[in-house]
Amino acid sequence: MGRVSTSHQPLRKVPAPADSGARVLQLPRMGRWALDVAFVWKAVLTLGLVLLYYCFSIGITFYNKWLTKSFHFPLFMTMLHLAVIFLFSALSRALVQCSSHRARVVLSWADYLRRVAPTALATALDVGLSNWSFLYVTVSLYTMTKSSAVLFILIFSLIFKLEELRAALVLVVLLIAGGLFMFTYKSTQFNVEGFALVLGASFIGGIRWTLTQMLLQKAELGLQNPIDTMFHLQPLMFLGLFPLFAVFEGLHLSTSEKIFRFQDTGLLLRVLGSLFLGGILAFGLGFSEFLLVSRTSSLTLSIAGIFKEVCTLLLAAHLLGDQISLLNWLGFALCLSGISLHVALKALHSRGDGGPKALKGLGSSPDLELLLRSSQREEGDNEEEEYFVAQGQQ
């Protein structure tokens, strides 16, 4: 028998499919299309969360200014907001506990008074003085002065050794302090009493967020979820603010026809409804910040906070007629440049620390699965500090 050659047999018996080339070309196209869709979806989601954060953050600022024009009891207003936040955080905890069948953390009285009380007192004074200042200052002056809280956060971070002294931080401090001076210099709507209240709130805010960071870093307390933190803070905040309320507003409120000596039930219901709305905005602000940080990053919150200040000033000038001179705008730009520099330095520092790690202090994975339907986290440990810097801008 003759010998049969099989050297080209596989090519003849297994011809390439007619559409194999098309498939090879289609796979990269489909991959790029999937990546484009994922990118667009993430961008839309981030934009939506930023807009939600803007609605609550800018909304509560203008709400406080609007309400204090007719309701001159800002400390009572703040205390009612704290009560509403406590109710909503307690309801959220109950819903999460029913869904997960996991008991929520409840601190002992010793830990509660020794570790939570200082943070609660500082937070109460920060929020109370901030709301009190709306009786005297414009929204633009309030926004600019509160931006200086980053300055005090840096100072107290250095004192508590949460930051290392560097030349770049000194530059950040000088930019923010110089911008604050330029914004308030020869301001036509400047009020000394109101400015002192806001500046005092910013100073206490530096202590507040430094203590908050230290509180959330204590893993043994189990307060990494902001809902649990709000639940534990509100009662002590209420008690901490009550002496100020009793001294400065108690007698006047007890004789006011808007609350205790009301004659018109409809007016009373409108006032209580307006106060309750502020509590909803305050709770929504905290929760929207949590959503934004959890689904994106604390850097996104920091950058969004910078642009939020610009939007607030533009709205204050357009809607409320706040007078802002060219020098004031230059001071505001100088202050924002200092904040932006600090955010950039933190971003570079976080990126230089290596791969992503689990973020402490902003929520555990089971909680995120229930509250956010996602447990994926992409932040590093050092980004936690950026979160508190962004909070200080509120």
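This is a predicted model: local features need pLDDT of at least 70, side-chain atom pairs count only at pLDDT 80 or more; totals for chains, interfaces and linings use all residues.

## Ala344 in helix α13

Ala344 has a relative accessibility of 36% and therefore counts as partly exposed; the classes are buried, under 20% relative accessible area, exposed, over 50%, and partly exposed in between, with a 1.4 Å probe and protein chains only. Ala344 belongs to helix α13. Helices here are DSSP runs of H or I with at least four residues, strands are runs of E with at least two, and both are numbered from the N terminus.

Residues are numbered from 1 along each chain as its sequence is written, and side-chain values use heavy atoms, with hydrogens and water left out.

## Nonpolar surface patch

Phe181, Tyr185, Leu326, Leu327 and Leu330 form a nonpolar surface patch of about 530 Å². Patches consist of residues with over 30% relative accessible area and no salt bridge, like charges being joined within 9 Å and nonpolar side chains (Val, Leu, Ile, Met, Phe, Trp, Tyr) within 5 Å. A salt bridge is a side-chain nitrogen of Lys or Arg within 4 Å of a carboxyl oxygen of Asp or Glu. Areas come from the Shrake-Rupley method with a 1.4 Å probe, and for residues only the protein chains shown count as cover.

Helix α13 (residues 326–351) supplies the largest share of the patch, three residues. Tyr185 sits in the loop between α7 (167–184) and α8 (192–216) and is partly exposed because its relative accessibility is 39%.

## Largest nonpolar core

The largest nonpolar core has 79 residues, of which Phe71, Phe76, Val116, Leu275 and Ile339 touch the most other members. Helix α11 (residues 265–295) gives the most to this core, ten residues. Such a core is a set of buried Ala, Val, Leu, Ile, Met, Phe, Trp, Tyr and Cys residues joined through side-chain atoms within 4.5 Å.

Beyond its neighbours within four places in sequence, Phe71 contacts (heavy atoms within 4.5 Å) Phe76, Met77, Leu253, Lys258, Ile259, Val271 and Leu275.

## Helix α5 and Thr312

Helix α5 (residues 139–147) is largely enclosed by the rest of the structure, because nine of its nine residues are buried. Thr312, in helix α12 (residues 298–319), is buried at 3% relative accessibility. Its contacts, leaving aside neighbours within four places in sequence, are Ile58, Phe62, Val139 and Thr143; Val139 and Thr143 are among the buried residues of α5.
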